[in-house]
Amino acid sequence: MTRVIHTGDTHIGYQQYNSPERRRDFLAAFRGVVEDAVDDDVDAVIHAGDLFHDRRPGLIDLQGTIDILRTLADADIPFLAVVGNHEGKRDAQWLDLFEDLGLATRLGADPEVIDDVAFYGLDFVPRSRREDLEYEFDPVPDDADHATLVSHGLFEPFAHADWDTERLLTESTVDFDAVLLGDNHAPDTAEVQDAWVTYCGSTERASASEREDRGYNLVEFEDEVAISRRAIAETRDFVFVDVELEADEGIDRVQERVRQHDPGLEDAVVIVTIEGEGRPITPAAVEELAIDRGALVARVNDRRELPDEDEEVSVSFADPDAAVRERVRDLGLSNAALEIDETVRNGDLADANVRETVERRVRDLLEEDDSAFEPAPEREPSDADVTTVADQLSGDGDSRADAEPADSDATAEAAASSDGSATADDEPSSDDAADAGPADEGVTGASGADDAEETGDEEPADADTASLGDFA
C-alpha cells in the first residue's frame, strides 16, 4: 500500500490583516503538515499548488520553507508539487530552485513513480488558454498500478468551477484513477468518470469565510483509492461571534455576545458578524473590546441595511456597493468595465481569487473585442466632476477636479479596488500576488507553462496577452 499526504494552498508569506503573527502562522501550518508526514512515515507529500502567497516571497519565508523541506529530505520523504496561480513566475519557478537543491520534484507530463503509483502534474493554466490545451502525458510505467494527476485550478463539479474535469479525463492520454487538486480552499471529494477528484483545502484560514478546521488529505493506494481527512493539530484560533439584533438592540448586545466568548479570545482572530435590525454601532468599539481581552485581531462585519446619516452620500452599512455602482454608471464606463466592477464586488468569490478572476475576464474580453473597454458613448463623464472607482471606495473625493474622462484605466481601478474596498471581513491581499499562473516552458497539456502573464514590474503586454497589471 502507498500512503501520501495531499496538501496545498499553504500561501506562505500571506500577512493577513497586516499582522506579522498571521504571516508566521501560514509557515507554521505547513510545518505542521510536514511534521505529521514524518511522524506517520508516509511515502510522499503531494502539494497541489500555491505553496507561496505570491511570486516574490520574502527571504524569511523562503528560508523557512527550505528548512521545512529539508526536514522531509532528511526523512527520505519525497516532496512532489505543481505551480499554482499565486506563485507562478514568467521565468523559472520556485519549485525549480527547490528541485535544484534536491528538496522537491516539480510534476509534469512525465510520471514520478512512488512505489506503485505514477504521479503526473498540470500547473495552473489561465482559462483563456485552456481551449487549445492538449492533455498529453507520457505512458504509465509498467511497474505502476495507479495513475494520479496533481493540478491547481477551480475544477467541476465543485464551487466556482471554470475548468471542465470531464473533458480533462476524456481527452487525457492517461487513465487517471485519482485527481488531487488545489485552489479551492474548501475540502471536498467527488467521483467523476470513475476517478476520485478531491480538494485538500487550505492549511490556514485565508478568509473569514473559511470556518471549518484546516487540514489535509491522506490518500491510500491499494486495490482501490481511499481518501480520508486529517486536521492540522495547531492553527490559529478563529472565534466567530454571530449576532442577530432585535429592533431595540445595539452595541451593548454586541459587546455582551463578545464577552460570552471570553476567555477564548486570547490570541485569537475574532470575527463579529451582525445581522437583523437594531441601532447603528461603531465597529471600532467592538473591535477594541475584543483586543482588550487578548484577541490578536478583531473585525466587525455589519450586514444590516441601515441608512448612513451622511447628508452628501447615502450608503447602507451592509451594502456600500449600491452607491458605488450608481457612481460608476456616471463615469461613462463600457459594459465590459461594468462587468469587471461587478466581479470585483461579488461576495461569493473568495478574496484570494478576486485578482485571478478579474484578470481572466479582462483577457477574455480583450480576445473577443480589443475595443471592449472603450467608454460608452452615451455616458461621457464631465471633466470636472468625476470620481474614480478607487476614489469612491476610499472616500477620497479630492481628486475629482483633475479627473480625466473615463477610459480603460477605469477598469483597472475597479479591479485594483479588490484590495482596497474591504468590508469588515475582507482580507488584505498581497500587492505581488501572482494571478496568472506559471509561464514560458511550452504549452503542452502537462505543464501549462507558458500561460502566465507577469503583472506589476514587467513591460506592458500587447492587447492579446494583456494582464490585469497592464491596466493598473
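Predicted model: local features only at pLDDT ≥ 70, side-chain atom pairs only at ≥ 80, totals over all residues.
**Exercise 1. Is Ala109 buried, partly exposed or exposed?**

- Step 1: locate the residue. Ala109 sits in the loop that joins S4 to strand S5 (112–114).
- Step 2: read its relative accessible area, which is 22%.
- Step 3: apply the cut-offs. Buried means under 20%, and exposed means over 50%. Ala109 is therefore partly exposed.
- Step 4: look across the chain. Tyr135 is 26 residues away from Ala109 along the sequence, and their C-alpha atoms are 8.8 Å apart.

**Exercise 2. Describe strand S7: its partners, and which way its residues point.**

Solution. 
- Step 1: take the first partner. S6 (residues 117–122) pairs with S7 in the parallel sense, over six bridges. Ala118 is opposite Ala147 of S7.
- Step 2: take the next partner. S8 (residues 178–182) is also parallel to S7, with five bridges. Here Thr148 is opposite Ala178 of S8.
- Step 3: sort the side chains. In a regular strand they alternate between the two faces of the sheet. In S7, His146, Thr148, Val150 and His152 point one way. Ala147, Leu149 and Ser151 point the other way.
- Step 4: Seven of the seven residues in S7 are buried.

**Exercise 3. Which residues does UniProt list under "binding site", and how do they sit in the model?**

Solution. 
- Step 1: read the record. The unreviewed UniProt entry gives Asp50, Asn85 and His152.
- Step 2: compare sequence with space. These positions span 103 residues of sequence, yet they cluster, with a largest C-alpha distance of 8.2 Å.
- Step 3: Asn85 is in the loop between S3 and helix H3 (94–100). His152 belongs to strand S7 (residues 146–152).
- Step 4: check accessibility. Asn85 has a relative accessible area of 0%, so it is buried. His152 is also at 0% and counts as buried.
- Step 5: list contacts. His152 touches Asp50 and Asn85, and its other contacts include Asp9, Phe124, Trp163 and Asp183. The His152 side chain also reaches the backbone oxygen of Ala48 at 2.8 Å.

**Exercise 4. Where does Thr10 sit, and what does its side chain reach?**

Solution. 
- Step 1: Thr10 is in the loop between S1 and H1.
- Step 2: its relative accessibility is 0%, so Thr10 is buried.
- Step 3: the Thr10 side chain reaches the backbone oxygen of Leu51 at 2.9 Å.
- Step 4: Thr10 contacts include Phe26, Phe30, His47 and Asp50.

**Exercise 5. What is the mean pLDDT, and which stretches fall below 50?**

Solution. 
- Step 1: the chain mean is 80, and 69% of residues reach 70 or more.
- Step 2: residues 311–316 are below 50, with nine contacts beyond near neighbours in sequence.
- Step 3: residues 439–472 are also below 50, with 103 such contacts.

Conventions:
Residues numbered from 1 in each chain as written. Heavy atoms only, no water. UniProt positions renumbered as here; feature names shortened; annotations may be inferred. Helix = DSSP H or I, 4+ residues; strand = E, 2+ residues; numbered from the N terminus. Buried < 20%, exposed > 50% of the residue type's maximum accessible area, 1.4 Å probe, protein only. Contact = heavy atoms within 4.5 Å. Polar contact = N/O pair within 3.5 Å; in protein donor to acceptor, adjacent residues only side chain to side chain. pLDDT = per-residue confidence, 0-100. Pairing = 2+ DSSP bridges. Lists of a residue's contacts leave out its neighbours within four places in sequence.
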